[in-house]
Amino acid sequence: MDAKIRLWLLVALMSISAYPYTDCCSCIHYHAQMAFCDSDVAVRARFLGATVTDKYSEFTGKYSVITYEIETLQVLKGGDTIKNLSFIYTSTAYYCGYHIGQQDYNKDYLITGPMRNGRVEVIRCSYIVAWSTLTEAQIEGVERAYSCHCRICFQWDCYGESRNYCILDGTNPWDIHPDAEEIGTELYDQMCEHNVNGECTWQPVYA
């Protein structure tokens, strides 16, 4: 890929990450290990309810804030500081905010996201997945197996020594949500980890 195009894609992705209230029409395809390592917080939790306020912020821009009340069942990443995490926040913006229907309350979810200004803020593209849809390997990964010594990237996003990352195969990483049912077995049943030679390679979660 042309270097200028690669640079443009990287800048665009960084812009979405830096300003999450922009129109997030497209989401890159996440591996659970990617989401786990790139997030400050990962919990198993249930949505209990939602309230909407008109308090605008840098996070939501001109849109109102949705405050989701959650019950944290298991802290997977984040330590004791979030063991009683009770709320996560998003925007009412249709294209960017994370929205869940009442029919999905009181169901277990894997919720990952950044911690900003002392609170967890999520967007449409955040890796929030019904726990029941995770494979056994993904559950083992987020609970015990995933380390963050290696990086997972797409072909156009890989740089530096190839021994330090694994490439996630797939012809179109955009517009694919975590519940999608394609891309190779590495997506659901493998993790990126150092081998005996110190190189990052795809390996089974279960040895």
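This is a predicted model: local features need pLDDT of at least 70, side-chain atom pairs count only at pLDDT 80 or more; totals for chains, interfaces and linings use all residues.
Close-up 1. Cys-166 sits in strand S9 (residues 165–167) and Cys-192 in strand S10 (residues 190–194), so the bond ties together parts that are 26 residues apart in sequence. The S-S torsion of Cys-166 and Cys-192 is about 85 degrees, so this disulfide is right-handed.

**Close-up 2. Cys-150 and Cys-200 join a loop to a strand.** The sulfur atoms of Cys-150 and Cys-200 lie 2.0 Å apart and form a disulfide. Cys-150 belongs to the loop between helix H3 (136–145) and strand S8 (151–153), while Cys-200 belongs to strand S11 (residues 200–204), so the pair ties together parts that are 50 residues apart in sequence. Torsion about the S-S bond of Cys-150 and Cys-200 is about -85 degrees, so the disulfide is left-handed. Both Cys-150 and Cys-200 are buried.

**Close-up 3. Cys-153 and Cys-158 form a disulfide.** Their sulfur atoms are 2.1 Å apart. The torsion about the S-S bond of Cys-153 and Cys-158 is about 105 degrees, so the disulfide is right-handed. Cys-153 and Cys-158 are both buried.

**Close-up 4. Cys-96 is a buried cysteine.** Relative accessibility at Cys-96 is 1%. The cut-off for buried is under 20% relative accessible area, so Cys-96 counts as buried. A search of the whole structure finds four disulfides, including Cys-150 with Cys-200 and Cys-153 with Cys-158.

Note on methods: Residues are numbered from 1 along each chain as its sequence is written. Side-chain values use heavy atoms; hydrogens and water are left out. A disulfide is a pair of cysteine sulfur atoms within 2.5 Å. Helices (H or I, at least four residues) and strands (E, at least two) are DSSP runs, numbered from the N terminus. Buried means under 20% relative accessible area, exposed over 50%, partly exposed in between (1.4 Å probe, protein chains only).
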